[in-house]
Amino acid sequence: FRGLREERVFLGSLLGGCAAYALLRLAILPRTLMPLMGGGWLTHGLTCGKILLWHLGQLVLPASLALEHSLGVVRGTAEAALVVLGVLSWGALGIFLWRKDRIAAFGWMWVSLALLPFLNIIPFLNFSLVANRYDYMAGAGFLLLVGRLSQGALRARLPGGGRRVLLAAVLPFGFYALLGMRYAVLFSSPFDLWSDSARSAPEHPRVHAALGGLYASWHDLVAAERELRRSIALSPALPEPYVPLAWLLAETGRGPEALRLARWRLTLRPDALAWGSLGQILAREGRFAEALPFLEKFKEMRPGPYAELALAQCLLALGEPDRAEKALRAVRDDPQLEAKALRGLGDVELVRGHQRKSRAFWQASLHVDPLQFDLIEQLARIDRAEGRGDLARRRYDDYLGRLEFFSKGIRAGTPDQRRAMTLYVEARVKEATRARDDQEGVSAGRRHSLTGAGGTP
């Protein structure tokens, strides 16, 4: 306490700075407090104690490593009594240590103060009340506390003391090292991370939104839609799942529902993502005049190649090739969007009636991204119209060969991921084979009409 008195000016200044920061943050970004846990102060306080005991248990045995966890509010007299007993025991340990060993008591205070912000005493928006990733600061105080308490029993001068000290150092640190390796492996796979979190926190909407986004990236649209709808059902005011679900619906021919979700997302959080998504889905549905102001707002809020590309595609559909070309040439320098920019420049030349220039841009786009099946179909139709059926067939065969090469590389990932990607590739193979065979049927029918029944030209 003498040190506190000596440093009272510094500590008071530090406390005043923290208070000023908190007030300024509340003024700039006001937060709406969530309801009390359980609906009343008594249940809320007991649940705060339950959260404390959960974190203490994780410090002792961090076996349940996941990004999110579920913890219910205190229910029933028996559970309330156990929580009260546990919190009183932790407090009694602190008083005992203060009287017997101030260094150990410092470790106890370190743990308690580090956990205090995560007890949800002031309710805030958090869909899972606990998570062991919050224990990083408390873990240091816990190691200090345990090390100090075990110091007396592990003196090297006692018989066999050196071996005991070695074992006491190796065994716990080896145990925690193994848990750390498991944690690292868990975080190395996004699917393992979020699926494990879904098992640990099944009522967490952000977990289901992230898992749905992963399924969508693997083209497992059924699983993606299930997880995204689950997220919305758990928390209709959460913005994250609306955009990926709206895109999924738009891509599967459910445009009206996709637009409804995109508009609702804009009311929830009118950020650049909401403006851009709504504009692009409107353009996808052919409503380009309606889409234009949304895409212009998207470019204003988040200038960059993605906004330029979306705006260029809309301008081209509205009959403004010059403005579209200007935007596309700015996008062309972006490696991730080069193929789409080249394709758009080809579309611009087609609108101007320059078919040869258009084809050159499309060929360049395919050189960057050879798996654009709709562009391959478009070029194959032009080849057939010009009497070059062999070239059209070679386009399909080359595409099928690339798909086969791609399918052989599907070895990484989880079984679910490999299955989803395999189904996606198989669907693309069937699509391309059917298009090629239809093209050959058209060519055969055209030859038959020219040669007649006898087969002589």
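**Exercise 1.** Does Phe-118 count as buried, partly exposed or exposed, and at what relative accessibility?

*Solution.* This is a predicted model, where local features need pLDDT of at least 70, side-chain atom pairs count only at pLDDT 80 or more, and totals for chains, interfaces and linings use all residues. Residues are numbered from 1 along each chain as its sequence is written, and side-chain values use heavy atoms, with hydrogens and water left out. Now the cut-offs: buried means under 20% relative accessible area, exposed over 50%, and partly exposed in between (1.4 Å probe, protein chains only). Phe-118 has 22% relative accessibility, so Phe-118 counts as partly exposed. Tyr-134, at 16%, is buried.

**Exercise 2.** Classify the ring pair of Phe-118 and Tyr-134.

*Solution.* Rings of Phe, Tyr and Trp (its six-membered ring) pair if their centres lie within 6.5 Å; planes under 30 degrees apart count as stacked, over 60 as edge-to-face and the rest as tilted. Here the centres are 4.7 Å apart and the planes lie at 5°, so the pair is stacked. Both residues sit in the loop between H5 and helix H6 (136-151), 16 residues apart. In total, the structure holds 4 aromatic pairs.

**Exercise 3.** Describe how helices H4 and H5 pack.

*Solution.* Start with the geometry: H4 (residues 77-100) and H5 (residues 102-115) pack at an angle of about 150°, their axes 7 Å apart. That makes H4 roughly antiparallel to H5 (angles under 35 degrees count as roughly parallel, over 145 as roughly antiparallel, 65 to 115 as roughly perpendicular and the rest as oblique). Next, the contact (heavy atoms within 4.5 Å) includes Trp-90 and Leu-97 of H4 and Trp-108 and Met-109 of H5.

Definitions and conventions. Axes fitted to C-alpha atoms, helices over the stretch in contact; angles between N-to-C directions. Helix = DSSP H or I, 4+ residues; strand = E, 2+ residues; numbered from the N terminus.
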